[in-house]
Amino acid sequence: MDSNPRVCVMGEDVGHYGGSYKVTKGLATKFGDLRVLDTPIAENSFTGMGIGAAMTGLRPVIEGMNMGFLLLAFNQISNNCGMLHYTSGGQFTIPVVIRGPGGVGRQLGAEHSQRLESYFQSIPGLQMVACSTPYNAKGLMKAAIRSENPVVLFEHVLLYNLKERIPDEEYVLCLEEAEMVRPGEHVTILTYSRMRYHVMQAAKTLVNKGYDPEVIDIRSLKPFDLHAIGNSIKKTHRVLIVEECMRTGGIGASLRSAIIDNFWDYLDAPIMCLSSQDVPTPYAGTLEEWTVVQPAQIVTAVEQLCK
């Protein structure tokens with residue numbers, strides 16, 4: 001926002017309150033009420049306003065206070081945000097970023113625990129990325145704002161408290177690249193967002209049991225970085241996908257299909273996919289935990305794959 005006066009932020013409580021998770025804290029004081037715009041509780045309206053602003057040359061960052069609320073703006077995101085560049089014959093670009101917290105938190109209830117990756121992945125014209133660390137959150141956010149395409153940036157409600165040393169120098173990450181988290185030889189584990197930490201927790205146990213898992217944070221949910229994924233599969237010949245998205249029609253289902261289409265000949269075992277259960281997320285903490293993939297399940301799945 002310092003370097004580009006066309007960048008603006010809009011959403012519920014993003015202004016003087018600083019955002020529901022304080023992501024925009026201090027921005028209203030620094031940049032004023034027009035560039036950090038508090039909106040009514042009307043997702044369809046302010047998402048449409050942001051898309052219109054992008055058509056006229058601004059670079060809006062639209063925050064959904066919770067990603068589940070953006071279902072109310074699905075028409076704007078699908079029919080306008082994703083398609084206007086095409087339907088206008090290239091006359092308009094839509095350099096807009098749609099971001100906000102999602103995922104299963106700590107007893108937030110079904111409506112506030114949604115994972116909308118599977119909802120948005122089929123919309124033509126959208127890019128989707130998911131951040132998992134402070135470093136890649138900053139790098140992906142910068143890249144998304146500078147992109148000429150509409151980008152949906154998924155943040156996880158339980159990762160806001162992470163701390164990490166960020167380089168002082170300027171850096172921007174590629175929106176279409178996966179991140180190698182841990183090199184290995186025995187099995188490729190593909191994951192993203194909060195599940196990265198469940199996988200790394202499981203990896204410690206697996207190493208103690210004699211396994212050498214390769215862990216990749218796919219980061220780019222659309223399009224997939226099939227170059228990095230393919231190179232890993234050609235080395236390990238086994239794949240485990242770990243996601244917090246729903247199993248039916250989720251990111252894992254699309255990723256499994258892409259791997260079968262492109263790397264079938266390199267597989268020595270069926271692709272395994274661990275996903276959340278296809279149920280509304282319960283409020284009760286013990287039941288909520290049962291619906292989401294846990295590290296022990298990841299360990300068991302790798303043991304089965306590597307038999």
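The side chain of Arg59 reaches the backbone oxygen of Ser147 at 3.0 Å. Arg59 sits in strand β3, residues 59-63. The model is predicted.

- Arg59 has a relative accessible area of 8%. The cut-off for buried is under 20%, so Arg59 counts as buried.
- Beyond its neighbours within four places in sequence, Arg59 is in contact with Asn4, Arg6, Val7, Cys8, Pro95, Ile145, Arg146, Ser147 and Glu148.

- Strands of a sheet pair through backbone hydrogen bonds, either parallel or antiparallel.
- β3 pairs with β4 in the parallel sense, over three bridges.
- Within that pairing, Val61 stands opposite Val97 of β4.
- β4 also runs parallel to β6, and six bridges join them.
- There, Pro101 stands opposite Glu155 of β6.
- Six of the six residues of β4 are buried, so the strand is largely enclosed by the rest of the structure.
- In a regular strand the side chains alternate between the two faces of the sheet.
- In β4, Val97, Arg99 and Pro101 point one way, while Ile98, Gly100 and Gly102 point the other way. All of these are buried.

- An unreviewed UniProt entry lists residues 1-162 as "domain: Transketolase-like pyrimidine-binding".
- Over residues 1-162 the chain is 29% helix and 18% strand. The end C-alpha atoms of this stretch are 23 Å apart.
- Helix α3 covers residues 74-81. Its buried residues are Gln76, Ile77, Ser78 and Cys81.
- The cover over the buried residues of α3 includes α2 (43-55), α4 (84-87), β4 (97-102) and α5 (117-120).

**The five-stranded sheet**

- Five strands form an open sheet in the order β7-β9-β8-β11-β12. The pairing is mixed.
- β7 (179-182) and β12 (272-276) stand at the edges. Each has a single partner strand, so one side of each is left without a neighbour in the sheet.
- Neighbouring strands of this sheet are turned by 25 degrees against each other on average, direction ignored.
- β8 (187-191) and β9 (213-217) pair in the parallel sense over five bridges.
- Two of the β9 bridge partners are Val215, for Ile189, and Asp217, for Thr191.
- β7 and β9 pair in the antiparallel sense over three bridges. Here the bridge partner of Glu179 is Asp217.
- Asp217 of β9 is thus a bridge partner of Thr191 and of Glu179, in a strand that is largely enclosed by the rest of the structure.
- Five of the five residues of β9 are buried.
- Both faces of β9 are covered. Pro213, Val215 and Asp217 lie on one side, and Glu214 and Ile216 on the other.
- Helix α9 lies across β8, β11 and β12. It runs at about 150 degrees to β11.

**Nonpolar cores**

- The largest nonpolar core has 43 residues. Those with the most contacts inside it are Phe120, Phe154, Leu190, Ile218 and Ile259.
- Elements giving two or more residues to this core are β1 (7-11), α2, α3, β5, β6 (151-156), α8 (226-236), β11 (239-246) and α9 (251-263).
- The largest share, five residues, comes from α9.
- A second, separate core has 20 residues, including Cys131, Leu140, Ala144 and Leu175.
- Residues up to four places away in sequence aside, Leu190 touches Ile216, Ile218, Ile229, Val239, Leu240, Ile241, Val242, Leu255 and Ile259.

**Thr133**

- Thr133 lies in the loop between β5 (127-130) and α6 (134-146).
- At 11% relative accessibility, Thr133 counts as buried.
- The side chain of Thr133 reaches the backbone nitrogen of Asn136 at 3.0 Å.
- Apart from neighbours within four places in sequence, Thr133 is in contact with Glu164, Arg196 and Tyr197.

Notes. Residues are numbered from 1 along each chain as its sequence is written. This is a predicted model: local features need pLDDT of at least 70, side-chain atom pairs count only at pLDDT 80 or more; totals for chains, interfaces and linings use all residues. Side-chain values use heavy atoms; hydrogens and water are left out. Helices (H or I, at least four residues) and strands (E, at least two) are DSSP runs, numbered from the N terminus. Buried means under 20% relative accessible area, exposed over 50%, partly exposed in between (1.4 Å probe, protein chains only). A polar contact is a pair of N or O atoms within 3.5 Å; within protein, one must be able to donate a hydrogen and the other to accept it, and residues adjacent in sequence count only if both atoms are side-chain atoms. Contact means heavy atoms within 4.5 Å. UniProt positions are given in the numbering used here, feature names are shortened, and annotations may be inferred rather than shown by experiment. A nonpolar core is a set of buried Ala, Val, Leu, Ile, Met, Phe, Trp, Tyr and Cys residues joined through side-chain atoms within 4.5 Å. Two strands pair if DSSP finds at least two bridges between them. Axes are lines fitted to C-alpha atoms, for helices over the stretch in contact, and angles run from 0 to 180 degrees between N-to-C directions.
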